[in-house]
Amino acid sequence: VTSAPSRYRFQSGQKKVISFSISHEKDNLLARGLGIEHLRDLLIRLARQIVRQGLSLAYGGHWKETDDNFTLDLLRLISDEQQDNSMAGPDSSLQIGMLYNHSAWPHYLEITPKIEAQWINCCRIIRVTQEQAGLRGPDIVQNYDPKDSRSRFNAAVTASAMRRLSMHNSTIAIQDVNPSESIPQIDARILLGGKMDSYSGFLPGIFEEALVTLALQRPVYLLGGFGGATGVLADAILKPGARPEELTLSWHKKHNPSLRPLLNTLSKRGAPPQFVPPKDQHDSLFSWIQKARVKPAEVLKTGLSDDDTRTMISTRSVTTAVRLVRQGLESNNKLNPLPA
Amino acid sequence: MASPQPIRIPEIFILWHPKCPLGDQLARRIFAWLRPGKGLGPEVFYRSLPAPGSPVGGLPPALPGESREQTPAFTKNRLRISNMQVVLPLIDENMVADPAWRHWLGDIATPSSLRVTLPVALDATAYNMPGPLREMNYLRPAGPQTQAAASAAAQISEDGVRSRLKQITEAMCRLMLPRHTSSMADATASGSSDPLPKVNIFLSHAKQDGMLPARRLRDYIYSQTQLAAFYDENDIAFGALFSRVIQTGLDSSDTAALIAVRSALFAGRPWCRRELSLFRRPRQDSTSVPGQERWRLFPTLVVDAMDGMQYSSGIPELGNSPMIRWSDDGINLEELIVTSVIRDAMLASFHSALGASIPLVGNQIVINWLPDPTTLLHIPALRNGQEFDVFYPGRGLSGLELDILQDYFPMVTFKCFEDKLS
C-alpha cells in the first residue's frame, strides 16, 4: 500500500521466543481489585508489541472454550497481526511471529485435528510425550485415568520434562521430510499468578518455569504484584530474611493434598533420567532467590536497573508492568520501539 | 466570563459485596462497556474481596487517597494520571446488612471534590444505606418494578443490565463533558444533586426521507433519558435564522454528539451536509500554543436508514464515524443508538482530558479521536506538510491503518496515548 517503508513495522525479524506463564485465579486477583479483564489487557498489550516486533510467543495454555482461555486470545491476536502484516507491501516478507504451544501428555490428547488445522498458520503444537520425559516400557501409561496414581505421576513427570525441554531448540519430525521442522528455544519468560496449593505437579508450575529459565541464565520477568506463586517468589526476593516456608517442600506437603501421593509414587517407582527431586528444586530456587535479593537485575537478566526490576516485581499496576517488561525486552533484544 | 471547568481524568471503582450474586456479572459488563477495547476508556478497578492479608470478612483494598491504611504495593508505583474517582457501589441486601461495608460506603460517599459516588440499586433494600448515600438519586432500572423483580437478587435480566449501563453512561457523560463554570455554578462533586445542564444530542436528518428514525430517536431521548435533543422541528423558532440557530446548537457546550440519520437523500441535502461538516470539524483547545496544539472532536454516529436497493453517494465528512443500521421493527434500537453515542461522547471527553495531561514539546499535536484523513485535514499544521507527532487515544491502530495515514501525511508520526503515558 505504501510507497515508502512503513515506520510502523519492524524492519528485521529475530527468531526469539518469549514465553508467557499466566494463569487466572479469580479470588487472588479480585482481592487486589482486579479481574480477568485486567489480566487479558496486560497479556494483549505485551503480546501485541512482541509479535509486532517479529518475535514469537510461547504459551502452554489449554484449548478448552472457557472464559479464561488465553490461548485463543493469543491466537486471534497473531492471526489479526499476520493478516495486517500481509498488507504491508515490501515488508511483508518479514514474518510475524507465531505461537508455540507446548503441551504435555495427557493434555495434548484433547487437541483435535480440527483445532490444530484451524490455527495451523499461527501456531505450532509441540507435544511432549511420556517417552520424551524418560519413561520407558511398562512405565508408559496407555490410557490416562485421573484416578490412577500412575497416570497422575506420569502426567506430573511429563509436565516437568516439557518445561525443561522447551528451553532448548528441538524439532518436530515429519515423515519423509528432511530437515524436520525446527522449534526454537524459549529465550525469556514472563511470569504472573500461578497456583500455590492445587497444582498437579511436584511443585508449582511457576516455580519450575522460573527455575529452568534461571538455570540457563535467561531473562525472567516476575510480575509478582498480581499474587499467586509469582507473588510468593517476588516477596521472597523483596523481603530479605529467613527462607519463606512456601519455598520448602514441607510447606507444600501440608498445603497441596495431591502432592503426597505423587511423592509416594516417586519413592516407589524411582525417578526417570533428568528428573530433579522436588526438594532439590526448592533448594535450588531459594538459592537463586538469595542471589536475586542482592542483584535482582543481574540475576533475573531483566535488562532494567535494579530499582526498575524491583518495581516490576512488585507493581500492581498493569500499565507499569507492561511498560517495564517492554522496556526490558527492548533493551535485552536491542529492539527499536515502534510507534503505533 | 465563563471559563472552562478543570480537567477531570476519572478512574472508576466498582464495589460489590462478596456475597452479592449479581455483582461480579454486572461489574464485568460495566467494565466492558466503559472500556470498549483497543485501550480506549478510563481505567476500571474492582473492590469486592478482602485485601490480601485482611481478616476473613475484611474490607477490600482502600481507594487511593483513603485514610484507611494501604499496603505499599497499592500506593507505590501507581500512575498518577487520574485526578478523580467515580465510585459505583452495586448495592444489595448483603452490602446494606454488613456494618463494615455500611461504614466504609458512608465514608466514601461524603462529598469531595475528588470523588463522585453514583450508587446503583440492585434491590429494594439499597435505599437503606447510611446518610450521604441514602440522599442520592440511585441508578435503578427504569420503569415500574414488580415486588418479585425487586427482591430477585439472585438474577439480573438483560433489560436490567442495559438499563443500568444506560444510566451510568448518562451520568458519566454529564460529569465528563467539558462545560463552562458559569453553567455549573452550584456543582457539587458528590453527584447527589447534579445541577449540570442536560447533555444535548444533535439530530441531523433529511426531512424528505429521514423523519421516522429521527422522530423516534427524539421521542426516546425525551421519554427515556435525562438527555436533550436538538431537533430542528422543535428547536428552531418560526422566523428564526436557520443557520444561526443550527450554529448555536452545534457550538453549545452542552452538545455532546451528533446522530446523522443517513437516508438516501441525506447526502444531497445542503443543510444536512452543512451540519455534518460543521460538527466534524475539530476545534482547537484554548490551552494550545503554536506548534503544540490540542484538538477536540465530538463523536458522530451514523444511523443507516437507507432502504434496500436505494442508491446514494458517499459522504467524506463522515470519515471513520461508526454506523448502526436502522430498522423500523428494531427492538431497543433507539436505546442502542442513543446509549452508544453518549458512551462515545463520554469517551471523547475522557480522551480529551487524558490528552491534556500529555506534556508537549516541539511539533506535537494531541487529538481526542482515532485519526482519519478527513478530520486530520482540518488541522492546518498537518495539512501544510510539516513534521509533527500526533498523539491519539488508545492502544494503537492496525499497521494497515497507520500505513494509509503515512501515505496521506508522510511527515507525521502517529503515536498512541498508551505508549506515551505508560
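Helix H5 (residues 149-165) of chain A packs against helix H9 (residues 259-269) of chain A at an angle of about 90°, and their axes lie 10 Å apart. This is a predicted model, in which local features need pLDDT of at least 70 and side-chain atom pairs count only at pLDDT 80 or more, while totals for chains, interfaces and linings use all residues. Residues are numbered from 1 along each chain as its sequence is written, chains are lettered from A and ligands numbered from 1 in the order in which they are written, and side-chain values use heavy atoms, with hydrogens and water left out.

**The helix pair in chain A**

- H5(A) and H9(A) are therefore roughly perpendicular to each other, a term that covers angles of 65 to 115 degrees.
- In contact (heavy atoms within 4.5 Å), Ser149(A), Arg150(A), Arg152(A), Phe153(A), Asn154(A) and Ala156(A) of H5(A) meet Pro261(A), Leu262(A), Thr265(A), Leu266(A) and Arg269(A) of H9(A).
- The residues of this contact divide into five nonpolar, three polar and three charged.

**The sheet in chain B**

- Chain B holds an open sheet of five strands in the order E7-E6-E8-E11-E12, with parallel pairing, where two strands pair if DSSP finds at least two bridges between them.
- Strands E7 (228-230) and E12 (323-325) of chain B stand at the edges with a single partner strand each, so one side of each is left without a neighbour in the sheet.
- From one strand to the next, the twist averages 25°.
- Strand E8 (residues 255-262) and strand E11 (residues 300-304) of chain B pair in the parallel sense over five bridges, and Ile259(B) stands opposite Leu301(B) in E11(B).

Key: Helices (H or I, at least four residues) and strands (E, at least two) are DSSP runs, numbered from the N terminus. Axes are lines fitted to C-alpha atoms, for helices over the stretch in contact, and angles run from 0 to 180 degrees between N-to-C directions. Angles under 35 degrees count as roughly parallel, over 145 as roughly antiparallel, 65 to 115 as roughly perpendicular and the rest as oblique. Ala, Val, Leu, Ile, Met, Phe, Trp, Tyr, Cys and Pro count as nonpolar, Asp, Glu, Lys and Arg as charged, and the others, Gly among them, as polar.
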